[in-house]
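I am opening a new notebook page for this model.

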Amino acid sequence: MNRADLADLTAFVAVADQLSFRRAASRLGVTPSALSHSMRQLEERLGMRLLNRTTRSVSVTDAGLRLLERLRPAISEIAGALEDLNQERQRPVGRLRIYAIHLAASAVIAPIWGRFLSTYPEVHLELAVGEAPIDIVAKGFDAGIGPHDRVPADMIAVRVMGPLKVVVVGAPTYFARRRPPRTPDDLARHICVEYRRAADGDVLVWPFERNHKSRRISVDGRVMVNETDLAVRAAVDGLGIAYTVEALAEPFLRSGQLVRVLEDWTPSFEGLYLYYPGHRQVPATLRALIDMIRTAGGSRARRSLKNPFAED
């Protein structure tokens, strides 16, 4: 079936309902002569008459009635599908698939996903976490979240967090046994949670900044991780001082499970971006997620450096 057939069949149903070319044309937004021409073309393609008409009246032939009986459920189904799409355009509903780097999943999505799903109960959120760049369109994702250099040139990028503030934290039980560091050099006398970029990457040398002066400190410890949220967990468990992201440590700072140190030395780094294909017709579900993330906000530090946790 081609596009003309579908349009002409829809017009045929309208004429059969109204039994008037004038009223059917008004309903379809076309002229009566154009509608009459469409019906003649349809009948010629089918090789049979569907409508009997004179200058005074219109009726449906026996063949037209049989066709109409089959068409009505189909036309109704199509109209219902279009109405459902219209409803989806106006309210968030359906599946939303997001691909995010680990930090973005923990710092951007996890803090708001409970509120998002309770606000929009007809949404099913799927969050896939990975560090490797992928073609989100080919993989069937609606959007991705990561640093700006991850955003393809032909996609729309929306900043959803950042710049991201670094924090140096430890548990109160840890600092009960050791005096908190006052300068980065004091970390030489402390047990720290070491961080390795990726499974086989470089060990992070902790960068610090104050009064436009930069320092890089190598630290020692008994635990090494390659995920920032695991560094937070190690600090909460009293295994040492961790260098991590404020957004990940903030719940534990608020609860008192962690204490911040060296605050005036900790820098910030470039924030995170949500990216998606297309300039127009952004799905209502994705628009709602973007709005909620941006309302929740992120760190507002003024300066930023390259993400120290990212693999080179």
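**Ground rules.** I am reading a predicted model, where local features need pLDDT of at least 70, side-chain atom pairs count only at pLDDT 80 or more, and totals for chains, interfaces and linings use all residues. Numbering starts from 1 along each chain as its sequence is written, and side-chain values use heavy atoms, with hydrogens and water left out.

**Confidence.** I looked up pLDDT, the predictor's confidence in each residue, from 0 to 100. The chain average is 87, and 90% of the residues score at least 70. Residues 298–303 stay under 50. For that stretch the model has 14 contacts (heavy atoms within 4.5 Å) beyond four places in sequence.

**Whole chain.** I found 10 helices and 15 strands. These are DSSP runs, numbered from the N terminus: helices are H or I, at least four residues, and strands are E, at least two. The radius of gyration, over C-alpha atoms, is 31 Å, well over the 20 Å that the globule rule gives for 312 residues, so the chain is more spread out than a compact globule. That rule is 2.2 Å times the number of residues to the power 0.38. Along the principal axes, the C-alpha atoms fill a box of roughly 100 × 35 × 30 Å.

**Helix pair.** I then turned to α8 (residues 228–236) and α9 (residues 246–255), whose axes come within 9 Å and cross at roughly 25°. Axes are lines fitted to C-alpha atoms, for helices over the stretch in contact, and angles run from 0 to 180 degrees between N-to-C directions. That makes α8 roughly parallel to α9 (angles under 35 degrees). T228, D229, V232 and V236 in α8 meet L248, A249 and F252 in α9.

How values were computed:
Angles under 35 degrees count as roughly parallel, over 145 as roughly antiparallel, 65 to 115 as roughly perpendicular and the rest as oblique.
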